[in-house]
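Please keep the sequence and the structure in view while reading.

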Amino acid sequence: MLCSRAMSIETLIYAMALGGVAVNAAAGVLEAGRKPFDLFGMVVVALAAALGGGSLRDVLLDRTVFWIADQIYLLTAVLAGLVTFALVRVVRLPPRLFLLPDAVGLALFTVSGTQAALAMDAPWLVASMMGVITGVFGGIVRDVLCNEVPLVFTGELYATASWLGALLLVGLVGGGVSPGWSALAAAALVLVLRLAAIRFRWRLPVFTARP
Amino acid sequence: MLCSRAMSIETLIYAMALGGVAVNAAAGVLEAGRKPFDLFGMVVVALAAALGGGSLRDVLLDRTVFWIADQIYLLTAVLAGLVTFALVRVVRLPPRLFLLPDAVGLALFTVSGTQAALAMDAPWLVASMMGVITGVFGGIVRDVLCNEVPLVFTGELYATASWLGALLLVGLVGGGVSPGWSALAAAALVLVLRLAAIRFRWRLPVFTARP
Amino acid sequence: MLCSRAMSIETLIYAMALGGVAVNAAAGVLEAGRKPFDLFGMVVVALAAALGGGSLRDVLLDRTVFWIADQIYLLTAVLAGLVTFALVRVVRLPPRLFLLPDAVGLALFTVSGTQAALAMDAPWLVASMMGVITGVFGGIVRDVLCNEVPLVFTGELYATASWLGALLLVGLVGGGVSPGWSALAAAALVLVLRLAAIRFRWRLPVFTARP
């Protein structure tokens, strides 16, 4: 019983991570579609968006990089990128469509990044930062490769949503809540905050230094 | 006999890696020469172009970074950058000249990157990706540092040539062909594909998402 | 006696590293203040500027990343970024003000980066390069995130000052001078060279390839 319970949480976390990879790859293709990149450029941007955050997390934590340890992630990212790419050629998509998979990916990556750091006994601030890094770094690389100012620095609440979710996860796990429920609650918080921020145009104040 | 054979293959691989570092550093200087960078900026772009791909490969595979383990690579990159730099000041060079050393570097790096991953028993997809990363990442960093959209995303077949060569190498080694001949065949394939792509303007289709 | 001597050198080095983190975070905010970034963007640029160089050094040397091993660095960077940020909102600051903390940060990071490499018995060229990487990489990431050509490639002597200081440190330590005095001399050399370069407009020659 305990074993199957642990099993299902493992499976849930694995599915969430795979889902995050897929939707971030899709969001990468949808974003890169505005640039005259060729098919390879598309795939690279999809891979960078899908795997960049987790790769940086694993390199910083000195873990085996997740998509080298398990080729399924790499295959998932490539396939999700190609499928999105084929869809985009056939169907006329509204320009802001990539915001939804991007928000789901942010939620899933924040949770899996924070969990990975907690599993290595990282202290709370580092653990929550790893969640944010996993959640947002892929998108930053995606935008740098597209030669644009990272979207995440200027738009509606994004990393802030990720960070609040990561802090909730750290707090719940620290408070003894089961990993599965903690993960679900944290992912839901990130997703709701991000979607509400887009809907109601919640932004952090924008500051410029006085000249 | 066997020993000297193994020796010569080791030596060949080492020479190919050093050659790749030198020509990529040269290509970096030739590319950066279009920007108003100072001597240091030139050297950094040369080092990033020459060592960036292999560094990322080694960090991802958790190997000791090759130019830290063996200072010769670092010296080679700096010297090749400075020599190219001095040449550029004296001789009028045709603008597309850097394409040839760049193609040679792509071939050599693809082979050495794939070999390094195979030596660590990486599965086939990861091994071929490591060849591509080693081959193209330096050029991507070079272009990002120059604040341009990476050339590799928009021009004639580039990473595709690298990937096909890496797959050939993985297949030949897996099929029992000697490492030396496999490496030569794979490097030749990458070089021929890349040069033919430049000559005949082979490109991957360029896609843009519908608005 | 010997113990307290060693203690004070340890403490000095730690204080220099913390100081470097704080002033680089401040310089990051002052630089990013020219862009319409939101509060999170500011903090990310501050963190990248403050922690980027040391993180790359630690990843390349395969050490535990310094701000993961010791959360104080991360807290210092966030706090220094926020304090600078609050100051900038209240006080009218001259545009070139960030050049002074940036120069102090360059000196401190060069020394701490070279020391870290020497402590791992890196050879002289690699050790001095690690000092330069620690000193300048944060600023390069900062400028790439701001979508600008890295300042360090085009302005007054910067990395050159860092490299000469790193070489002095390697030479002094190799010549038997105490680590504390070596560090002070090297940091002073970097700072004096950088400030003199700004004052007297010392630049490396700028080269462009002939068309």
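Thr114(B) lies in helix α5 of chain B, which spans residues 99-119, where helices (H or I, at least four residues) and strands (E, at least two) are DSSP runs numbered from the N terminus. The model is a predicted one, in which local features need pLDDT of at least 70 and side-chain atom pairs count only at pLDDT 80 or more, while totals for chains, interfaces and linings use all residues; side-chain values use heavy atoms, with hydrogens and water left out, residues are numbered from 1 along each chain as its sequence is written, and chains are lettered from A and ligands numbered from 1 in the order in which they are written.

With a relative accessible area of 0%, Thr114(B) is buried, a term that stands for under 20% relative accessible area, against over 50% for exposed and the range in between for partly exposed (1.4 Å probe, protein chains only). The side chain of Thr114(B) reaches the backbone oxygen of Thr110(B) at 2.7 Å. Leaving aside residues up to four places away in sequence, Thr114(B) touches Ala127(B), Gly131(B), Ala166(B), Leu169(B) and Val170(B), contact being defined as heavy atoms within 4.5 Å.

## Fold of chain A

Chain A holds eight helices and zero strands, and its pattern along the sequence reads α-α-α-α-α-α-α-α. Of the 211 residues in chain A, 56% are buried. Among contacts in chain A between residues at least 6 apart in sequence, 75% join residues that are at least 24 apart.

## Salt bridges

Side chains of opposite charge can pair when their charged atoms come close. Taking a salt bridge as a side-chain nitrogen of Lys or Arg within 4 Å of a carboxyl oxygen of Asp or Glu, the count over all chains comes to 13. One of these joins Glu156(A) to Arg201(A), with the closest N and O atoms 3.7 Å apart. This pair links distant parts of the chain, since Glu156(A) sits in the loop between α6 (124-145) and α7 (159-174) of chain A and Arg201(A) in the segment after α8 (179-200) of chain A, 45 residues apart. Glu156(A) is buried at a relative accessible area of 13%, whereas Arg201(A), at 54%, counts as exposed.

In chain B, the side chains of Asp58(B) and Arg57(B) meet in a salt bridge at 2.9 Å, N to O. Asp58(B) is buried with a relative accessible area of 0%, and Arg57(B) is likewise buried, at 5%. In chain C, a salt bridge of 2.9 Å, N to O, brings together the side chains of Asp58(C) and Arg63(C); here Asp58(C) is buried at 0%, while Arg63(C) is partly exposed at 27%. In chain A, salt bridges that share partners join Arg57(A), Asp58(A) and Arg63(A) into one network.

## The interface of chains C and A

Here 31 residues of chain C are in contact with 33 residues of chain A. The size of an interface is often given as the accessible area lost when the parts come together. Buried area, the accessible area (1.4 Å probe) that two parts lose on being put together, summed over both, is about 2,800 Å² between chain C and chain A, with carbon and sulfur atoms giving 70%. Asp38(C), Phe40(C) and Gln71(C) supply 21% of the area that chain C buries against chain A, more than any other three residues.

On the side of chain C that touches chain A, the elements that give two or more residues are α2 (39-61), α3 (66-69), α4 (71-90) and α6 (124-145) of chain C. The largest share of this side, nine residues, comes from α2(C). By class, the side of chain C that touches chain A has 21 nonpolar, five polar and five charged residues, where Ala, Val, Leu, Ile, Met, Phe, Trp, Tyr, Cys and Pro count as nonpolar, Asp, Glu, Lys and Arg as charged, and the others, Gly among them, as polar.

## Relation between the copies

Chain B can be laid on chain A with an RMSD of 0.0 Å by a turn of 120° and a shift of 0.0 Å along the axis, copies being superposed by least squares on the C-alpha atoms of residues with pLDDT of at least 70 in both. That is the relation of a three-fold axis. The copies use different surfaces, as 12% of the contact residues of chain B recur in chain A.

Terms used:
A polar contact is a pair of N or O atoms within 3.5 Å; within protein, one must be able to donate a hydrogen and the other to accept it, and residues adjacent in sequence count only if both atoms are side-chain atoms.
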